[in-house]
Amino acid sequence: MSYIELYAHLVFVTKRRVSVLSEDKEKPLFIYIMKVIESHGCKLLRINAALNHIHLLVKYPATVRICDLVQEVKRSSSLMIKNSLRLPGFEGWSHEYAAVSVSPSGLVVVRNYIINQKEHHKVHDLLDEYRSMLSGEKFERFSESWFDE
């Protein structure tokens, strides 16, 4: 029998990085996203948001393509935000996203990073952090286009 253990740290931002994700609306949004993820046979290990982006730590089976999962989470949560939460200024999620694999040994670090998002972004701007994370030869093909929509 094969043994497969896959984890991903997912990040997506609001269109044009508009700061519209309010703490008072997070709980219903997070519960909704968790249900979407679970409906795909995945497990949401951690979720948190700052004003203009959201972080998820997901365990997923080999049968799930991350791009399909992200597309469905973004599509359905966007509809939920527009129809139920009615966040003023929310136009949807940016088309782009970040997905980074996480080793089992790195789960605690990523989990803690996600937990501390609000405090973290009081000091660090998302765009500067993104540039820092993706700098160097390994990530030279990545662009900042997901910030421009």
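**Cysteines, a hairpin and a histidine pair**

The structure is a predicted model, in which local features need pLDDT of at least 70 and side-chain atom pairs count only at pLDDT 80 or more, while totals for chains, interfaces and linings use all residues. Residues are numbered from 1 along each chain as its sequence is written, and side-chain values use heavy atoms, with hydrogens and water left out.

Cysteine 42 has a relative accessible area of 6% and is therefore buried (under 20%, with exposed meaning over 50% and partly exposed in between, for a 1.4 Å probe and protein chains only), whereas cysteine 67, at 33%, is partly exposed.

Strands and helices are DSSP runs numbered from the N terminus (E, at least two residues, for strands; H or I, at least four, for helices). Strand β2, residues 43-49, pairs with strand β3, residues 53-60, in the antiparallel sense over 6 bridges, where pairing requires that DSSP finds at least two bridges between the strands. The two strands, β2 and β3, form a hairpin with 3 residues between them, and isoleucine 47 has leucine 56 in β3 as its bridge partner.

Strand β3 also holds histidine 55, which is buried because its relative accessible area is 3%.

As for confidence, the protein averages a pLDDT (the predictor's confidence in each residue, from 0 to 100) of 85, and 80% of the residues score at least 70.
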